[in-house]
Amino acid sequence: MSLTLGDFERDQIKEVINIGGGNASTSLSRLIGKPVFLGVPQLFLDRIEKTVSHFSSPQETSTAVLLNTRPAGGPLMLFLLPHDSADYLVQILGAWDKKKPGLSTDLARSSLAEAGNILGGAFLDSLSSFLELDFVQSVPEVVRDMTGSIIDSIVSPLGMHSEEILVCSADFRVENSPIQGQFYFIFSPESTLRILEKTHSKIS
Amino acid sequence: MKRNIVVNMGEWAVGAKEGILESGAVGSCVVIVLYDPSSSSGGMAHAMLPSRTNLLFSKEGGIDFRGKFADEAVSALVQAMEKLRIKKENLRATLAGGAQMFALFGRGEEHIGFQNVSAARRRLSELGIPIESSDTGGHVGRGVRLDLSTGKVSIRKAVEE
């Protein structure tokens, strides 16, 4: 299946992401008690094997919080933070262990997983409501590794189902804090068509 | 001058005498390295799926990316090296990658990382190419480099297993 998106369709999908991302940012802001700024959503549609080329510094280490969604056709949700941002977020969440810094403790990892749960839930609520579909998210997984390895591991299994991938992203940063990162929402072409059908029917 | 060639996901490359072939950061993908010490020639493939027979969608027109599939990537490397008059009998293989970084994509034999490595091993065995070394599986990403002048393969990990 090959998918072509015109400017109108791209704008529609970006708007869905903007609403969901806005909800997720608000939830993050409530969680840490600081204003969170969300950037303009970006979107790319490409062959799966080209996905890593859309990420800067694939050799650098990042922290990923990944959630899947059910039913099939929902997005994969990825929150990607530079590792120092993730460490700072763990500190704000009160899960930092001075004797075992980083993500070496279960508490540190589960604090990021819980943040992912809240962010993912906020995004999915608005997506479910907009599309009139009932998405449920999986238990979040937290991984720290090279960005390229993380992306490679996420998109490769999707290659069994499709040749192309649609990725929407939005940068976020926390005011007066070193915390910054990206939300990524990864759709198969089938689920993209589903979103477009729904958005078309809502507009018409 | 030494040249560095990055072999990205779904790609393969061969070279001789000098230069570096490097895979970039891989997770569940498998990196297949072949090397012939007698001619200082080698190749690298960065495959993301075990085989096109596993695909769960029908493709109009077929897929022309042999480097995408572990089994075909091995064959593509061998054929390219045979065109350079390198004897298959001289080739030695190294495998790296196939990590299982996220449990939500399955664990053990159902994970695509495991299947990628298995498919590469199977095709190498069919072609009678011995695996000299391997660093596969586990839960961490890897970066692989082949120095064509020496045949030395280096594997970088950013985090501890």
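Is C29(B) buried or exposed? At 0% relative accessibility, C29(B) counts as buried, where buried means under 20% relative accessible area, exposed means over 50%, and partly exposed lies in between (1.4 Å probe, protein chains only). Another cysteine, C168(A), is also buried, at 1% relative accessibility. Over all chains, the count of disulfides (pairs of cysteine sulfur atoms within 2.5 Å) is zero.

The structure is a predicted model, in which local features need pLDDT of at least 70 and side-chain atom pairs count only at pLDDT 80 or more, while totals for chains, interfaces and linings use all residues. Residues are numbered from 1 along each chain as its sequence is written, chains are lettered from A and ligands numbered from 1 in the order in which they are written, and side-chain values use heavy atoms, with hydrogens and water left out.

The meeting of the two chains comes next. The size of an interface is often given as the accessible area lost when the parts come together. Here, chain A and chain B bury about 2,900 Å² between them, 62% of it on carbon and sulfur atoms; this buried area is the accessible area (1.4 Å probe) that two parts lose on being put together, summed over both. On the side of chain A, E49(A), M160(A) and E163(A) lose the most area to chain B, together 23% of what that side buries. Contact, meaning heavy atoms within 4.5 Å, involves 33 residues from chain A and 33 residues from chain B.

Two salt bridges cross this interface, each defined as a side-chain nitrogen of Lys or Arg within 4 Å of a carboxyl oxygen of Asp or Glu. One of them joins K50(A) to E11(B), with the closest N and O atoms 3.9 Å apart.

Which elements of chain A supply at least two residues each to the side that touches chain B? They are β3 (61-67), β7 (141-146) and α4 (147-155), named from DSSP runs numbered from the N terminus, with helices (H or I) of at least four residues and strands (E) of at least two. The largest share, seven residues, comes from α4(A). Nine of the nine residues of α4(A) are buried, so this helix is largely enclosed by the rest of the structure.

Strand β7 of chain A holds R144(A), which is buried with a relative accessible area of 17%. Its side chain makes a polar contact of 2.8 Å with that of T63(A), and the side chain of R144(A) also reaches the backbone oxygen of H83(A) at 3.2 Å. Among the residues that R144(A) touches is V159(B), from the other chain. N68(A), in the loop between β3 and β4 (69-70) of chain A, is buried too, at 15%, and its contacts include P75(A), V136(A) and L104(B).

Two loop residues complete the picture. S57(A), between β2 (42-47) and β3 of chain A, has a positive phi near 50° without being a glycine, and is partly exposed at 42% relative accessible area. N176(A), between β8 (164-174) and β9 (180-187) of chain A, has a positive phi of about 50° although it is not a glycine, and is exposed at 70%.

Conventions: Polar contact = N/O pair within 3.5 Å; in protein donor to acceptor, adjacent residues only side chain to side chain. Lists of a residue's contacts leave out its neighbours within four places in sequence.
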